Amino acid sequence: MKISADIQAFQKRLGHEFSHPELLLRALTHSSISSATRPDNQRLEFLGDRVLGLTMAEALFEKDKSASEGQLAPRFNALVRKETCADVARQIDLGAVLKLGRSEMMSGGRRKEALLADAMEAVIAAVYRDAGFEVAKALVRRLWGKRIDHVENDARDAKTALQEWAQARGQKPPKYVEISRKGPDHAPVFTIEVTLESGQSECSEANSKRHAEQAAAKALLKQLEAGNG
C-alpha cells in the first residue's frame, strides 16, 4: 500500500514503520470523515487505551517496588489521562496528519485536546496490531519517556487534593464557577473561580474548563499552604 509523504514523515516521528499502513490510516481517521468504506478510529482508541494502561501499570510496578496501590493509582492516572496523551500527540505532531471532516477542520480539530488524545490511543493500538505488544510497549515507554520517571510521588490532581483538604476540615466541596469565556470557538479561554465554604477563593484561566479548574485549585492550595487562609 502506497502512503503519502506526510504519513511517511509521521512514521519517522513516531518511531515505527508499519507493515500494514492501513492500520495507521484508520488510527488517524476521525468520525467526522468516516464512511462505510472508511472506518474511524474509535475501536482502535478503545484497544489503545488498554494497551497504554497495561504498559503504564507495568512500568510503575517495576519502577517502585515498595509503592502501595494507593500510591501507584494516582501516578497511573497522571500518565494515562487525556491531557498527557494529547501532550505526547503534540510532541510528535500527530495533529498534522489527522484525517478530519471539513467542519471539524475549520473548528480547529487538529489542535483539540480530545481529538489528539483519542488519536494517540488509536495509534498505540495500530502499532500493537501491526507488531505486537512488546513493540507497542517499547514505543509507549519511549514516547512517554521522562514523564514516567518524573511522575510525582503523589500525583493526585489539584481538584482532588483541594476537595480532600476541605472534607478533612468538615467543609463542603469547593465550588467552581465560570467567570468568563473569551476568544474564538476553536481557541476559547475560560476564567474559573474556585471558592471554599470558608470563603477563600482563587481565579485562573486556561484554554479548557478542566485546565482552568485545575489551575484555580492549584493556586488555592498554594494560598492555603502559605497560611493565608
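Me: How many helices and strands does the secondary structure of the chain come to?
Reply: In this predicted model, the chain has 11 helices and 3 strands. Along the sequence they run α-α-α-α-α-α-α-α-α-α-β-β-β-α. The C-alpha atoms fill a box of roughly 65 × 50 × 25 Å along the principal axes.

Me: How do you know where the domains of the chain lie?
Reply: The bounds come from an automatic or database domain assignment, which gives domain 1 as 5-155 and domain 2 as 158-227. The C-alpha centres of domain 1 and domain 2 are 29 Å apart.

Me: What does UniProt list for residues 157-226, and what is the span made of?
Reply: An unreviewed UniProt entry annotates residues 157-226 as "domain: DRBM". This span is 40% helix and 30% strand, with its end C-alpha atoms 19 Å apart. The entry, also unreviewed here, gives "domain: RNase III" for residues 7-132. Residues 7-132 are 66% helix and 0% strand, and their end C-alpha atoms lie 21 Å apart.

Me: Which residues does the UniProt annotation "active site" cover, and how do you know whether they gather at one spot?
Reply: The annotation, from an unreviewed entry, covers D49 and E121. They span 73 residues in sequence, but no two of their C-alpha atoms are more than 5.5 Å apart, so they do gather at one spot. As for its place in the fold, D49 belongs to helix α3 (residues 42-63).

Me: What makes K159 count as a charge over the ring of Y176?
Reply: Good one to check by hand! K159 lies over the face of Y176, at 4.7 Å from the ring centre. The cut-off asks for NZ of Lys within 6 Å of the ring centre and within 35 degrees of the ring normal.

Me: How many aromatic pairs does the structure hold?
Reply: It holds 0 aromatic pairs. To pair, ring centres must lie within 6.5 Å, so the count of 0 says that no pair was found under that rule.

Me: What makes up the lining of the second largest pocket?
Reply: The second largest pocket is lined by 14 residues, and R111, K112, E113, H186 and N207 lie nearest its centre. By class, the lining has 4 nonpolar, 5 polar and 5 charged residues. Helix α7 (residues 113-131) gives the most to this lining, with 3 residues. The volume of the second largest pocket is about 380 Å³.

Me: Which domains does the lining of the second largest pocket draw on?
Reply: At least three lining residues come from each of domain 1 (5-155) and domain 2 (158-227).

Definitions and conventions:
Residues are numbered from 1 along each chain as its sequence is written. This is a predicted model: local features need pLDDT of at least 70, side-chain atom pairs count only at pLDDT 80 or more; totals for chains, interfaces and linings use all residues. Side-chain values use heavy atoms; hydrogens and water are left out. Rings of Phe, Tyr and Trp (its six-membered ring) pair if their centres lie within 6.5 Å; planes under 30 degrees apart count as stacked, over 60 as edge-to-face and the rest as tilted. On a 1 Å grid over the protein atoms alone, a cavity is a set of points where a 1.4 Å probe fits but cannot get out, and a pocket is an open set with protein on both sides within 12 Å along at least five of seven lines; lining residues have an atom within 4 Å of a point. Grid points are joined across faces, edges and corners, and a volume is the space filled by probe spheres set on the points. Helices (H or I, at least four residues) and strands (E, at least two) are DSSP runs, numbered from the N terminus. Ala, Val, Leu, Ile, Met, Phe, Trp, Tyr, Cys and Pro count as nonpolar, Asp, Glu, Lys and Arg as charged, and the others, Gly among them, as polar. UniProt positions are given in the numbering used here, feature names are shortened, and annotations may be inferred rather than shown by experiment.
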